[in-house]
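Here is a short report on one protein model. Look over the sequence and the 3D view before reading on.

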Amino acid sequence: MNQKSTSTAAPAPQQQQRPWADLLISIVIPSVILMKFSGEQDLGSANALLVALAFPLGWGLYELIRFGKKNFIAVLGLISILLTGGIGLLHLDAQWLAIKEAAVPLIIGLAVLISTKTRYPLVRTLLYNRTVLDVDKIHDALVEKGNEGVFESRLMRASYYFAGTFLFSSIMNYVLAKWIVTSPSGTPAFNEELGQMTLVSYPMIAIPSMLMMIAIFYYLWRVIRNLTGFKLDEVLSPALVAAHEEKESKNRQ
């Protein structure tokens with residue numbers, strides 16, 4: 001009797017949220033290198049720029065390859081890093097840095113708006129998704145109560161708010177780049193100013209944008225609660241609930 005051997009592909013590792021590692025590798029270390037090691041007596045302007053950009057570029061590539069999440073925003077972020085390096089190494093006018101800094105979030109915002117005309121709006125992928133919410137349970141309740149159309153209109157409104165956060169980032173990125181980076185590209189002064197801009201952009205742009213997204217998620221949650229009657233713990237993703245229970249169980253041991 002022949003036995004057929006069966007093999008199952010190993011599941012892709014789950015991506016862990018590591019905000020401190022992201023902050024350190026993508027912002028703090030590159031900024032320190034650009035501001036402190038761009039002088040000719042250290043790495044030099046070109047080498048310092050290459051070393052500094054290697055950290056976020058390498059980290060981003062690792063995340064993409066390791067967890068297989070080749071999403072549009074992550075790829076655009078890597079392209080942005082490569083463009084920043086190109087502007088410095090090719091000694092292009094610093095004006096191009098401001099344009100690039102504004103263009104990246106603007107493209108994402110436009111993609112959010114354009115996606116609302118398709119079957120897969122980005123707001124569903126990034127906010128209303130199965131990794132956070134029990135989408136099927138919510139959908140069934142909306143259909144049962146006849147609120148599906150109302151929910152879709154509210155979801156569309158959330159998409160406009162979501163696109164607005166990227167418009168805010170685009171404007172602020174342009175203003176910040178024009179304000180801080182004034183030296184010719186390819187010089188130690190340009191690198192130092194680029195490092196300063198990277199550090200300042202976190203509290204002035206990244207944190208406000210993050211707070212805006214949290215507010216949009218809260219708005220979306222309020223809509224779900226009003227239209228379905230569910231409490232938050234009743235519509236969390238089963239996988240999220242299981243992970244939380246497993247963590248609590250380990251903590252009690």
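Is Y161 buried, exposed or partly exposed? Y161 counts as partly exposed, because its relative accessibility is 42%. A residue is buried only under 20% and exposed only over 50%, so 42% falls in between.

## The overall fold

This is a predicted model. The protein has nine helices and zero strands.

The protein has 253 residues, and 37% of them are buried. Now take the contacts between residues at least 6 apart in sequence. Of these, 73% join residues at least 24 apart.

## Two aromatic pairs

How many aromatic pairs does a search of the whole structure find? It finds two. One of them joins Y161 and Y219. Their ring centres are 5.6 Å apart, and their planes stand at 75°. Planes over 60 degrees apart count as edge-to-face, so this pair is edge-to-face. Y161 lies in helix α7, residues 148-180. Y219 lies in helix α8, residues 188-228. The pair therefore ties together parts that are 58 residues apart in sequence.

F162 and F166 also form an aromatic pair. Here the centres are 5.3 Å apart and the planes are 80° apart, which is again edge-to-face. F162 and F166 are four residues apart in helix α7, so about one helical turn separates them. F162 is buried, and F166 is buried too. Y161, by contrast, is partly exposed.

Why give two values for each pair? A pair of aromatic rings is described by the distance of the centres and the angle of the planes.

## Helices α7 and α8

The axes of α7 and α8 come within 10 Å. They cross at roughly 170°. Angles over 145 degrees count as roughly antiparallel, so α7 and α8 are roughly antiparallel to each other.

Which kinds of residues make up the contact of α7 with α8? The contact has 25 nonpolar residues, six polar ones and three charged ones.

Where does the charged end of K137 sit? It sits over the ring of F230, 4.9 Å from the ring centre.

V143 lies in helix α6, residues 135-145. Its relative accessible area is 43%, so V143 is partly exposed. V143 and T228 are 85 residues apart in sequence. In space, their C-alpha atoms are 9.4 Å apart.

## Two buried residues

G88 is in helix α3, residues 72-89. Its relative accessible area is 4%, so G88 is buried. Which residues does G88 touch, not counting those up to four places away in sequence? G88 touches L49, S185, G186 and F190. G88 and L194 are 106 residues apart in sequence, yet 9.7 Å apart in space, C-alpha to C-alpha.

S115 is in helix α4, residues 95-115. With a relative accessible area of 8%, S115 is buried. Leaving aside neighbours within four places in sequence, S115 is in contact with Y120, P121 and L122.

Notes:
Residues are numbered from 1 along each chain as its sequence is written. This is a predicted model: local features need pLDDT of at least 70, side-chain atom pairs count only at pLDDT 80 or more; totals for chains, interfaces and linings use all residues. Side-chain values use heavy atoms; hydrogens and water are left out. Rings of Phe, Tyr and Trp (its six-membered ring) pair if their centres lie within 6.5 Å; planes under 30 degrees apart count as stacked, over 60 as edge-to-face and the rest as tilted. Buried means under 20% relative accessible area, exposed over 50%, partly exposed in between (1.4 Å probe, protein chains only). A charge sits over a ring if NZ of Lys or CZ of Arg is within 6 Å of the ring centre and within 35 degrees of the ring normal. Axes are lines fitted to C-alpha atoms, for helices over the stretch in contact, and angles run from 0 to 180 degrees between N-to-C directions. Angles under 35 degrees count as roughly parallel, over 145 as roughly antiparallel, 65 to 115 as roughly perpendicular and the rest as oblique. Ala, Val, Leu, Ile, Met, Phe, Trp, Tyr, Cys and Pro count as nonpolar, Asp, Glu, Lys and Arg as charged, and the others, Gly among them, as polar. Contact means heavy atoms within 4.5 Å.
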